[in-house]
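Q: I am new to this structure and would like to go through it step by step. Could we look at it together?

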Amino acid sequence: MKLLTANFISCAVKACKSSSLSFPLHFKDVELASTSVPYNPLLLSNLLPRLDWPALVTSSKELGFTLPDTKPELPRLTATAAATGDGDMNMDNTVGEDDEKTLKMLHKVLMETEVVEGKMVCGSCGFEYGIHQTVGNFLLPSHLV
Amino acid sequence: MSRPEDNLPPDLFYNDTESRKYTTSSRIQNIQASMTNRALELLDLKTPSLILDIGCGSGLSGEILSDGDPAHTWIGMDISPSMLAVALDREVDGDLLLGDMGQGLPFRAGTFDAAISISAIQWLCNEDEKGVDPKTRLSRFFDSLYACLKRDGKAVCQFYPRDEKQRDMICSAAIKAGFGAGLLEDDPETKNKKLYLVLTVGGEGNKDITGVVRNMDGVDVYDNRKKLLAKAKGEAKQGTKAWIMKKKEMDRRKGKVVKSDSKYTGRKRNIKF
């Protein structure tokens with residue numbers, strides 16, 4: 001379970017749909033791993049507006065690292081800007097050094113940090129979703145659907 | 001041809017041996033690859049996007065998403081633990097979830113740019129356990145899919161319906177959820193025919209579902225909506241003289257006793273009456 005995914009998942013229990021506590025799910029007893037994933041600034045800038053920053057800060061705190069309290073602002077990258085690099089995404093002309101640093105940081109947190117084993121707990125109903133070998137188990141018992 | 005859907009529920013059917021067989025068969029690999037490429041073509045994504053793969057299985061379709069140009073990031077969901085174990089062994093790039101699409105997708109609103117599903121949603125029509133209603137499962141699935149796609153988002157689901165009834169059931173569930181829906185049929189009238197359900201979520205670019213295939217070669221568009229509209233127009237409005245005459249004619253044909261037609265038929269009564 002990558003942090004990116006965790007930032008988009010809320011409790012699937014029907015009674016929790018309307019509760020604001022059901023997002024984000026809280027990590028418990030986690031075991032982390034770092035995987036290397038190709039860096040893709042275009043995707044990150046595409047995703048940034050959709051991220052729930054406070055939720056991301058909360059979950060990363062639970063995993064033991066800190067992020068700035070406010071969402072970093074980045075100029076929206078466009079496909080044409082990336083195309084000048086011709087595939088290998090040479091962004092030096094379009095992205096400033098600070099932005100580059102922010103993007104790298106986001107990439108590390110969202111894409112490369114992975115929860116291998118652990119649990120995710122809903123803040124509203126307390127249901128525990130197990131994570132086993134990076135795969136989160138979101139099957140619900142039929143009475144909760 | 002036997003259908004796996006008729007044997008067992010998906011989480012039991014795709015056990016360790018079946019999952020391995022499925023993933024190593026080069027025939028299945030080829031079919032899956034060509035269908036995924038077709039789905040990508042329909043999605044027409046120009047920037048690297050976040051894609052949901054429903055029924056990702058061992059990640060055969062996901063591989064194509066991450067290897068394509070532009071390379072997409074995907075999150076896969078499947079109900080079969082064995083399939084996901086094979087996916088883990090193959091070290092696919094996407095993040096995997098074990099989940100049942102019929103229980104709804106556990107994502108918050110506006111998460112994904114697009115969604116694909118290759119040979120999966122026909123499983124929703126199964127009635128494996130008592131108390132499982134395919135209609136509820138379908139509507140839960142499509143409602144949650146509609147919610148978790150962002151505006152202007154698209155979804156392409158390739159599926160194998162058992163018959164026309166099942167096909168229509170799936171389509172109408174999608175339309176009820178609010179999608180603009182269209183069916184694309186590749187190689188019609190052959191054994192290899194493939195059905196793609198193309199879904200769009202409102203927004204400027206997606207007003208008309210036929211726009212998805214406008215720039216494609218070799219696609220004929222049959223617009224069912226026009227036919228429905230014409231049919232609704234052709235029918236006489238309730239309460240008009242034409243409608244009354246039609247009803248009387250119908251009853252007469254059934255052999256009922258019907259008053260004969262006159263110049264007063266279908267007229268309003270006089271106020272004085």
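Q: What is the strand order of the open sheet, and how many strands does it have?
A: This is a predicted model. Its open sheet has eleven strands, in the order 1(A)-2(A)-3(A)-4(A)-3(B)-2(B)-1(B)-4(B)-5(B)-7(B)-6(B), and the pairing is mixed.

Q: Which are the edge strands?
A: Strand 1 (26-34) of chain A and strand 6 (180-186) of chain B are the edge strands, each pairing on one side only. On average, neighbouring strands of the sheet are turned by 20° against each other, direction ignored.

Q: How many bridges join strand 1 of chain A to strand 2 of chain A?
A: Seven bridges join them, and the two strands run antiparallel. In strand 2 of chain A, A:Met120 is the bridge partner of A:Phe27.

Q: And strand 4 of chain A with strand 3 of chain B: parallel or antiparallel?
A: Those two strands pair in the parallel sense, over two bridges. There, A:Gly136 has B:Leu97 of strand 3 of chain B as its bridge partner.

Q: How many residues does each chain bring to the contact?
A: Chain B contributes 23 residues and chain A contributes 24. On the side of chain B that touches chain A, strand 3 gives the most, with four residues. By class, that side of chain B has eleven nonpolar, eight polar and four charged residues.

Q: Changing topic, which strands does helix 7 of chain B lie across?
A: Helix 7 of chain B lies across strand 5, strand 6 and strand 7 of chain B, and runs at about 10° to strand 7.

Q: At what angle do helix 6 and helix 7 of chain B pack?
A: Helix 6 (residues 134-148) and helix 7 (residues 164-176) of chain B pack at an angle of about 45°, with their axes 8 Å apart. That angle makes helix 6 of chain B oblique to helix 7 of chain B.

Q: Which residues make that contact?
A: Helix 6 of chain B uses B:Leu138, B:Ser139 and B:Phe142, while helix 7 of chain B uses B:Met169, B:Ile170, B:Ala173, B:Ala174 and B:Lys176. By class, six residues are nonpolar, one is polar and one is charged.

Q: Is that crossing left-handed or right-handed?
A: The crossing of helix 6 and helix 7 of chain B is right-handed.

Q: Last topic: where is confidence lowest in chain A?
A: In chain A, confidence is lowest in helix 4 (residues 79-83), at a mean of 48, and highest in strand 4 (residues 135-137), at 91. Over residues 80-93 of chain A the pLDDT is below 50. The mean pLDDT of chain A is 81, and 88% of its residues reach 70 or more.

Definitions and conventions: Residues are numbered from 1 along each chain as its sequence is written. Chains are lettered from A and ligands numbered from 1 in the order in which they are written. This is a predicted model: local features need pLDDT of at least 70, side-chain atom pairs count only at pLDDT 80 or more; totals for chains, interfaces and linings use all residues. pLDDT is the predictor's confidence in each residue, from 0 to 100. Two residues are in contact if their C-beta atoms, placed from the backbone, lie within 7 Å. Axes are lines fitted to C-alpha atoms, for helices over the stretch in contact, and angles run from 0 to 180 degrees between N-to-C directions. Angles under 35 degrees count as roughly parallel, over 145 as roughly antiparallel, 65 to 115 as roughly perpendicular and the rest as oblique. A crossing is left-handed if the near helix is turned anticlockwise from the far one by less than a right angle, and right-handed if clockwise. Ala, Val, Leu, Ile, Met, Phe, Trp, Tyr, Cys and Pro count as nonpolar, Asp, Glu, Lys and Arg as charged, and the others, Gly among them, as polar. Two strands pair if DSSP finds at least two bridges between them.
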